[in-house]
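Welcome, and please take a moment to look over the chain before reading on.

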Amino acid sequence: HASHNEQQVAHGIISGVQRIQEALNNNNKGTKIQVHVVTKIWYTYLGYDRTKIAVDEILNDLKEAMQHPNIDLKIHLLLHWPQCYDHIAWMDCEREERELPPHVQSAGSPPHLDRPNAWKEAWRALEDIYDADSNNKKTKAQFSAIASIVVSNFEQHHIQDMIESARILPHLTQITAWMNINNPGLVDLYRQHHIHVQLYNAMTGFV
């Protein structure tokens, strides 16, 4: 989402599915091909209203693939970071806030000014979206492609807070390989609560 390339992703999915069907010589004409997309909501969009804006933009940009008759699109919404960190050199909380579109800036207070709670409100928004009222046909149809809600770079205390307060726990978490090695108790915690673990940076700095 932060890379503003989801429309291109949708076009690529459509092109890829068309090639698959051509390779099958139309033997499975009319059969939907299932495609999974993981998209990450950046920390400037943390907070209830900002996260809902991000999801609306994501669904709009992926709409062409979602509505394609030969594609069964599954979207996985991931909170990329629980907050903006001052100690990470490439994060610039205040500059990134200033560069946001006005309609995002006006949707709630800047997340870097409420770091303990902004991610919680963002998660509450994802819970509401994922658990959309099944009796509301319009809402259910709007969010029908959303297959899971996910987190990345969340530390143990964040997950403990989620376990205590969240209605829906993350279906999956992304953590670095180093977090797995240096904190095996974190993985045990995920296993206890049936949260799937996905490692990244697995090829960096290992012997």
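This is a predicted model: local features need pLDDT of at least 70, side-chain atom pairs count only at pLDDT 80 or more; totals for chains, interfaces and linings use all residues.

C93 is joined to C84 by a disulfide, with 2.0 Å from S to S. A disulfide is a covalent bond between the sulfur atoms of two cysteines. C84 counts as buried too, because its relative accessibility is 4%, and the cut-off for buried is under 20%. Which hand does this disulfide have? The torsion about the S-S bond of C84 and C93 is about -90 degrees, so the disulfide is left-handed.

Next, look for the aromatic rings. W42, Y43, W81, Y85 and W90 come together in one aromatic cluster. Across the whole structure, a search finds five aromatic pairs. One of them is formed by W119 and F154, and it is edge-to-face, with 5.4 Å centre to centre and 85 degrees between the planes. This pair links distant parts of the chain: W119 belongs to helix α6 (residues 115–130), while F154 sits in the loop between β3 (146–152) and α8 (156–165), 35 residues apart. W119 counts as buried at 3% relative accessibility, and F154 is buried with a relative accessible area of 0%.

Six of the seven residues of β3 are buried, so the strand is largely enclosed by the rest of the structure. Strand β2 (residues 71–79) runs parallel to β3 and is joined to it by five bridges; here H76 stands opposite S148 of β3. β3 also pairs with strand β4 (residues 172–176), again in the parallel sense, over three bridges. In this pairing, Q174 of β4 is the bridge partner of S152. To get from β3 to β4 the chain passes through α8, and this β-α-β crossover is right-handed.

Finally, follow the chain to helix α10 (residues 184–192), where L186, V187, L189 and Y190 are buried. Why do these four lie on the same side of α10? They cover an arc of only 155 degrees around the axis, which puts them on the same side. The general rule behind such patterns is that an α-helix has 3.6 residues a turn, so residues three or four places apart point the same way. On the other side of α10, R191 and Q192 are exposed. Just after the helix, H194 takes a positive phi of about 60 degrees.

Methods. Residues are numbered from 1 along each chain as its sequence is written. Side-chain values use heavy atoms; hydrogens and water are left out. Buried means under 20% relative accessible area, exposed over 50%, partly exposed in between (1.4 Å probe, protein chains only). Helices (H or I, at least four residues) and strands (E, at least two) are DSSP runs, numbered from the N terminus. The arc is that of the directions from the helix axis to the C-beta atoms. A disulfide is a pair of cysteine sulfur atoms within 2.5 Å. Rings of Phe, Tyr and Trp (its six-membered ring) pair if their centres lie within 6.5 Å; planes under 30 degrees apart count as stacked, over 60 as edge-to-face and the rest as tilted. Two strands pair if DSSP finds at least two bridges between them. A crossover is right-handed if, with the strands pointing away from the viewer, the path from the first strand over the helix to the second runs clockwise.
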